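Okay, thanks for coming, everyone. Have a look at the model on the screen while I talk you through a few parts of it.

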Amino acid sequence: MNPRARLIGDGIENPANAKALAEAARMFAVPCGFRDSRGLAGHLPGLPTVDTAALLGAGGPLVAVDNTPGAEPVYRTERLHSGASIVVGNERRGIRPDVLRAATRTVQIPMPGRGVNTLNVATAAAVALYYLLDAHGRRHVRAPRPESHRPAVLFGAPRDHVEAGSSLRSAAAFGWQSVTVDDREKVWFGTPRPVRNEARAAARSHRNPLRVLPAGDGWASMPGCRTVVCGPDLDGPPLHRAELTGPGTLLVIPDGDWRPPPDAERARVAVPGVAGRYRLLTGIVLAEAARQLGARSAKASRPARRGLSYGSGLELAAPPDTDLVQPWELLRY
Ligand SMILES: C[S@@+](CC[C@H](N)C(=O)[O-])C[C@H]1O[C@@H](n2cnc3c(N)ncnc32)[C@H](O)[C@@H]1O
């Protein structure tokens, strides 16, 4: 186990999120504990818990990971000293105020997306651990005009509906407006989603849906397209040293044993522990691509002029089998 840190879930209420959080900790070979103020142990016997005194009085640095005003971007923060407690918070309310007050540092994962401004808590933990514990020698940031370099993203055969949904939530939060899914495991298109009908009704009124496109045959052989496959078991430079952006770049994030095309570049998501579930992998890859893109300049983010624009032309031309997923629907994942 890595003595540098431990991961703490503060008031986590969804047992599935608690399991995913424990998996994020195993990815980075750190212990995981829970300050259980929501009766989680009743659903998960044997849950490792910490009480408030043990959390606040642990002695090492206390790092709060939350999107609170003034929190520093996790990409810029210094590496951690040993014995740090890295805390993530409740799915609806975030980290409790006593931890925020006592924290030696509060870090956030910048969310350039319109409409979705948080990640799933386990995804946020994996992204934070990636940058707080590792990712040395990172590539430079590209800004200005990051949007012209934003890569296309393809999710390669996700095997689970919730992992796919959570990964789409991350894509929207990191600023992607469309994602292609190779849905050969049939977990997304054509499967009933509980709120699907409501989503369809709201699609006409909501301004920032995520467009989810089914991958057609031949997506990998688009002329002039540079494909970068990102995964834990691939030969290639570490993710944060690989070029993940640029016009004509397609990032592929495969699930399971999905085979990359032979001419694709590869980037390795190197973690000290075990490879984690799909939402954790996609969260780290999308965070790193967003980091390399950099922030939009103030000039670039000025409100658009009224009238027809290139963007509105694209909207009209959206293919008929595009799935429009609403931001509030993604928050369920
Ligand atoms: C889904 S968030 C909900 C709370 C959040 N404060 C809000 O605005 O609704 C649950 C937890 O995930 C982590 N999290 C999610 N997105 C994050 C981000 N962009 N930056 C830092 N932490 C994040 C935080 O630990 C947060 O407490």
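I'll go through some helix packing, then some salt bridges, and finish with a proline in a loop. Keep in mind that this is a predicted model.

Let's start with two helices, α5 and α7. Helix α5 covers residues 161–173, and helix α7 covers residues 278–293. How far apart are their axes, and at what angle do they pack? The axes are 8 Å apart, and the angle is about 15°. Anything under 35 degrees counts as roughly parallel, so that's what we call α5 and α7. The crossing of α5 past α7 is right-handed.

So who's touching whom? On the α5 side you'll find V162, E163, S166, S167, S170 and A171, and they meet Y278, R279, T282, G283 and L286 of α7. Sorted by class, that contact has 4 nonpolar residues, 5 polar ones and 2 charged ones.

Now bring in another helix, α1, which runs over residues 15–27. What does α1 do against α7? Well, α1 and α7 pack at about 60°, and here the axes are 10 Å apart. That angle makes α1 oblique to α7. This crossing is right-handed too, with α1 passing α7. From α1 we have N17, A20, E23, A24 and M27, and from α7 we have R279, L280 and I284. In this contact of α1 with α7, the classes come out as 5 nonpolar, 1 polar and 2 charged.

As a bit of background, side chains with opposite charges can pair when their charged atoms come close.

How many salt bridges does the model have? The count is 12. One of them joins E163 to R279, with the closest N and O atoms 2.9 Å apart. E163 sits in helix α5 and R279 in helix α7, so this pair ties together parts that are 116 residues apart in sequence. Are these two buried or exposed? Both E163 and R279 are buried. And there's a network here: salt bridges link E163 and R279 with E23 and R277.

Next, find E13 and R38. Their side chains form a salt bridge too, at 3.6 Å from N to O. E13 is in the loop between β1 and α1, while R38 is in the loop between β2 and α2, so the pair connects parts 25 residues apart in sequence. Both ends are partly exposed: E13 has a relative accessible area of 26%, and R38 comes in at 34%.

Then there's R184 with D182, a salt bridge at 2.7 Å, N to O. R184 is exposed, with 52% relative accessible area, whereas D182 counts as buried at 8%.

Last stop: P61. Where is P61? It's in the loop between α2 and β3. Now look across at S85. P61 and S85 are 24 residues apart in sequence, and their C-alpha atoms are 6.3 Å apart in space. If you set aside neighbours within four places in sequence, P61 is in contact with H81, S82, G83, A84, S85 and T104.

Okay, that's my tour, so over to you for questions.

How values were computed. Residues are numbered from 1 along each chain as its sequence is written. This is a predicted model: local features need pLDDT of at least 70, side-chain atom pairs count only at pLDDT 80 or more; totals for chains, interfaces and linings use all residues. Side-chain values use heavy atoms; hydrogens and water are left out. Axes are lines fitted to C-alpha atoms, for helices over the stretch in contact, and angles run from 0 to 180 degrees between N-to-C directions. Helices (H or I, at least four residues) and strands (E, at least two) are DSSP runs, numbered from the N terminus. Angles under 35 degrees count as roughly parallel, over 145 as roughly antiparallel, 65 to 115 as roughly perpendicular and the rest as oblique. A crossing is left-handed if the near helix is turned anticlockwise from the far one by less than a right angle, and right-handed if clockwise. Contact means heavy atoms within 4.5 Å. Ala, Val, Leu, Ile, Met, Phe, Trp, Tyr, Cys and Pro count as nonpolar, Asp, Glu, Lys and Arg as charged, and the others, Gly among them, as polar. A salt bridge is a side-chain nitrogen of Lys or Arg within 4 Å of a carboxyl oxygen of Asp or Glu. Buried means under 20% relative accessible area, exposed over 50%, partly exposed in between (1.4 Å probe, protein chains only).
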